[in-house]
Structure formats: C-alpha cells, structure tokens
Amino acid sequence: MKRDGFLKRLLTTHIPVALVVLVAIGPFAWMILTSLTPSEAIVAKGVAFSPAGWGADNYVRLLGHTDFLGNMGHSLIVALGTVALGLVVSVTAAYAFSRFRFFGRRVLMLQFLLVNMFPIVLLILPLFTLMRRLGLLDTHLALIIANATVAIPFAVWMLTSYVGAIPKSLDEAAMIDGCSRLQALRRVVLPLALPGIISTGIYIFITSWNEYLYALTLGGRHVRTVTVAIQTLIGEYQIEWGLLAAGGVVGALPVTILFLIVQRRLVGGLTQGAVKG
Amino acid sequence: MSSIDDVMALEAPRPPRRRRLRRSAFLPYALLTPAVIVTLIIVFAPMVEALVTSFYDYVLFRPNAAKFVGFANFVKLFNDPVFWTSLWQTALWIGLTLPLQMSLGLIAALLLNKEFAWRGIARALVIIPWALPSVVIALMWRWIYDPNIGILNDLLLRLDIIRAAVPWLASPDVALYAVIATLTWQGFPFFAVMILAGLQGIPKSQYEAAAIDGASAWRQFRHITLPGIAPILATAGLLRTIWVANSIDVIFVMTGGGPGYSTYTLPLFAFVKARQNLDFGYGSAIAVTFTVILGAVVAVYIARTMREVER
C-alpha cells in the first residue's frame, strides 16, 4: 500500500519535476562542464563528465591572459551607477504616485509605463547620435544613462507598488506628531519600504549587468563590459568553447546568485505592478 | 490621555491649513520632477529624434549630406522584400515563442505547486534561465547547436532520431526554429513564476469542495485552476509579447540574422541596418514602423493595467 503511494508520487511528482529542472539547468550545467574541460580535450575527446578530465586551464587563461576582471569592473561601475540614478529619481516619484491624487496622475503613470514598452532599437540609434554629439561615447556615463531608460520606469512602478502597500495612516500619524510630508517620507516610509527598495535596486543591478546591446553600441575599447567581452573570447580563427564557457560562468555567476536571493520578494512586486521582465 | 493636544491640533491650524493645502497640491509635482525630467531627456527626446531621423536620408559617415526626404524611407521600406520577410518572421517568432513559453511555464508551475520535500530547491533552480545574461544564453546555445561537436547532434545521433548531423544555425530552414527554442528556454521561468504566484492565490477549499462533488482532476483544472490564473496569464502574456517582440540580443549573437535573412525580425533588421550600413535614416524608419505595429499590443496592455491601477 505504502509502496504504491510512493511509486505514484515518484511518477506524478518527482520524475516530472526533475525533468523540468533538468530542462532549466541542463544547458547551464553543460556550460560549467565545458568550462572545466581543457580546450584541447574538448576537440579531441569531447566534454569531460568525470572530475578526472577536469582542470582549471580555461579559468587560468581567462583571468591571466585576458582583461576579464577589468571588464567585470566596468560592468560593476555601470550597474551601480544605474542603480543609484534609477533609485534616486524614482523614490520620490513613487511616493507621489502612491500618496497623492492629483491632476495628471494617470497620464504621468501612463508615461512611465509607456516608456518601458518602447523597443530598444528605437532608442539605441538616437542615443548613439546623442552620445556622439556630447562626446560621451565609450564612457561609463553613456551606459548608465542608456540603462536608466529601462531602470527608471521599472523602479517607479515597482516602488509605487511597494510604497502603496505601506498604510497611509502611518504617515498621517507622523504628520500629526509634527513631521512635515518630507520628514514623514524620510523617517517613516523609507525605512519601511527599504526591503522593496533593495530588491528593486538588485533587480536593476542584474538587468544592467546583463545588458548587451547598449554596451555593444555605446561602449568601446575603454569601457567594455562583461557581456561584450565574453563575445570577444570567441577567438579569431577557431571557436574556443572552453574559454568562452569559463567567461560565461564567471560573468553570469554573481548576478545569478543575487537573483536567487531576491526572487521571492520580486515576484510579489512583479505580479502587482506591471513591468518588463 | 491625548485629549487636549489633539483637540488643539484639530482646531488650531485653520488659517495655516489652507497654505498647507496649496503646498501639498504642489508637492506631488515637485516630487515627480526629477524622474519626469530625466525620462524626458533620455527617452522622449531621443524618441522624437528617431522619428525625425526616419524622414531624413542620413548615413552616419556622411553627416553633412543628411537631407529631408519625406516619406521616401518608408516607401523604400514597403518595397523592400527584406521588410516583408522580417515582418512575417516577427509574427512567426512571437506566434510560436509565446505559446511555447506559456505552456512550458504552466507545466512547470503546476508541478512546482505540488508539495514535495525538495520544492524550494526545485523552484530556485527553475528560474536560473531568467537570471542569465542573454549573451551567455546565446553563446551557450550556439555551443549546444554546434554542427560538429555540439551535444544536441551527438545526443540525437545516438538516439537514432536523426541520421546525419544537422547544422542547426547554418540551415535557413531550421535556424529560426532553433533560435525560438532558445528563447522559449530563456522565457519560460518568467511564466512559471508568475503562474505559480497565481496558483497560490486560489483557495484550497475550492478544490476540496470540487473533490467532494466528485470532479475529476481535469475538470478541477478547467473550472477552478484556469479561471483562477486567467488574469495572470493575460497580463503576463501581453507583457511577454512585447518583450519577445523586442528581444534581439539572443538572435543577434546566435545568428546575426543569418543565414541570409532567415532569422531577421523587424527590430533586428533595423539594428543591423544601422550598425553595419550606418544607415540611420533607413534604420530609424524600420524602427518607427515596428514601433507603430507593436503599439497596438502595447495599447491593449496599457488599457488593462490602468484599469487595475484605478481600482
């Protein structure tokens, strides 16, 4: 009887779930295995499944012979800059949307939603000419501004939903106690919204880190982020899959871990607000 | 306890209150100013410039030769067979990717909604494709699809499903589908996570009542689960239509649009035109046309969301 139940659960739950998980992580796991197999061995014998065939060759080459760490530094600067710009201008906007009913509220909220929907190709060409005119091509600022086109609307919507979840009575109580509006925002709402602000910031960090098209178009030899750099690992004459896979693993790991940390809280905000994934 | 002070607070500020009212009527606009100004400068102004550029003959390395040509770029576009190919492939791209992402996401969500010991780990692992950078995904799948030593051919040959190695990304007939498979893989965790959140909002009591009434698993799914997650499916579906339509980074890195034009979508066409030929006038015209077409979907989505905001 009991074995029957177990068998049934194995067939209806454990095995199907394992298959879905395999689909989800299989390709990435394959890349990790590839990165651990020395390049010559990949061509000769294929990717090694057992630790006996593994080595750190690709990683040594990646960190020793290429400027990959430097690229990660550029990505870090761009991503942190985007987080700062995105959050600073969005927090007050979110507070205004969630606490006031004013003329033009709908139109302004719509504006931020609309911005998020526009195709990146429509923006990438004029941003390129704009940055060229301002002499900003190949600078961190250019990439921060470009990433902010996505980050600001996203942050406004996410934070509006987080701040909206904080009861209005709390700011009112603070104001009866003598706080001004802005003091209530700073002393009451901000601390309570902090978890939401942090996860929004982390999500912006992840998307900026992962961004590719702007980095490719507006960056250059001085500012080359990880995503652009990974492509250059591909090699001139022959594709170096081992090195490439190592770059992919190192470049993706920091944000993957961050993502796993915030995903739960993020889903709440995503299902309430309506934002780009 | 708090009587006299409260009464004073309520009674006293009659005259200042009006001033406060006026200040508070102004305050939301002040709070919004930074965000609005920044988006005006970095989004709306460039967008207007793109629109203007689409009416010019503007090639980047000949900036002084830029001249106003009216609708010439659009006329050229509608006579360009590549445009119609790209348009058809964009429809195919969205029409296949979206349902595939949604069904795979639904299956994953239904499974992950069951109770089992390693549910937490399974949920975390399933969303990994969502977190990975598009470039990494694209390169990873190029490696999987590699015609000579890629694992997909290897696997299929061993299982006797195919007789000879398939050049997945180099053959015009299968390249688009190969990229669609990759994008499906990248996008299904988003649906899984959204649908899972919807499933958890359906009260258990409904299933219990249905079970008592003798409803089969399929009928429970049709009459309780599906209606319960319908709003989320609609919102997530619209959102992803826009996202899938716009996403060109994966295609760009995997095939660059090739072989030939077989994996061109409209936004990719615009990007490649501008990037390789530096033809910003024509590129902008393609981008504007694509935006107008996508605008229809966006309008539906926004109407929906704004309705929810009002509630």
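The centres of domain 1 and domain 2 of chain B, taken over C-alpha atoms, are 40 Å apart. These parts cover residues 3-53 (domain 1) and 82-310 (domain 2) of chain B, with bounds that come from an automatic or database domain assignment. The model is predicted: local features need pLDDT of at least 70, side-chain atom pairs count only at pLDDT 80 or more, and totals for chains, interfaces and linings use all residues. Residues are numbered from 1 along each chain as its sequence is written, while chains are lettered from A and ligands numbered from 1 in the order in which they are written.

**Domains of chain A**

- Chain A is assigned domain 1 (2-60) and domain 2 (67-272), and 33 Å separate their centres, taken over C-alpha atoms.
- Ten residues of domain 1 of chain A and eight residues of domain 2 of chain A form the contact, where two residues are in contact if their C-beta atoms, placed from the backbone, lie within 7 Å.
- On the domain 1 side, helix H1 (2-36), helix H2 (39-45) and helix H3 (57-65) of chain A each supply at least two residues; helices (H or I, at least four residues) are DSSP runs, numbered from the N terminus.
- H1(A) gives the most to this side, with four residues.
- By class, the domain 1 side has five nonpolar, five polar and no charged residues; Ala, Val, Leu, Ile, Met, Phe, Trp, Tyr, Cys and Pro count as nonpolar, Asp, Glu, Lys and Arg as charged, and the others, Gly among them, as polar.

**Contact between the chains**

- The contact takes 69 residues from chain A and 77 residues from chain B.
- Helices of chain A that each supply at least two residues to it include H1, helix H4 (68-99) and helix H12 (241-272).
- H1(A) gives the most to the chain A side, with 13 residues.
- The chain A side has 50 nonpolar, 16 polar and three charged residues.

**Transmembrane regions from the record**

- An unreviewed UniProt entry places the feature "transmembrane region" at several stretches of chain A, including residues 12-33 and 76-97; such annotations may be inferred rather than shown by experiment.
- Residues 12-33 of chain A are 100% helix and 0% strand, with end C-alpha atoms 30 Å apart.
- Residues 76-97 of chain A are also 100% helix and 0% strand, and their end C-alpha atoms lie 31 Å apart.

**Helices H8 and H9 of chain A**

- The axes (lines fitted to C-alpha atoms over the stretch in contact, with angles from 0 to 180 degrees between N-to-C directions) of helix H8 (residues 168-176) of chain A and H9(A) come within 10 Å and cross at roughly 130°.
- H8(A) and H9(A) are therefore oblique to each other; angles under 35 degrees count as roughly parallel, over 145 as roughly antiparallel, 65 to 115 as roughly perpendicular and the rest as oblique.
- Their contact involves residues including Leu170(A) and Asp171(A) of H8(A) and Arg187(A) of H9(A).
- By class, this contact has six nonpolar, no polar and two charged residues.
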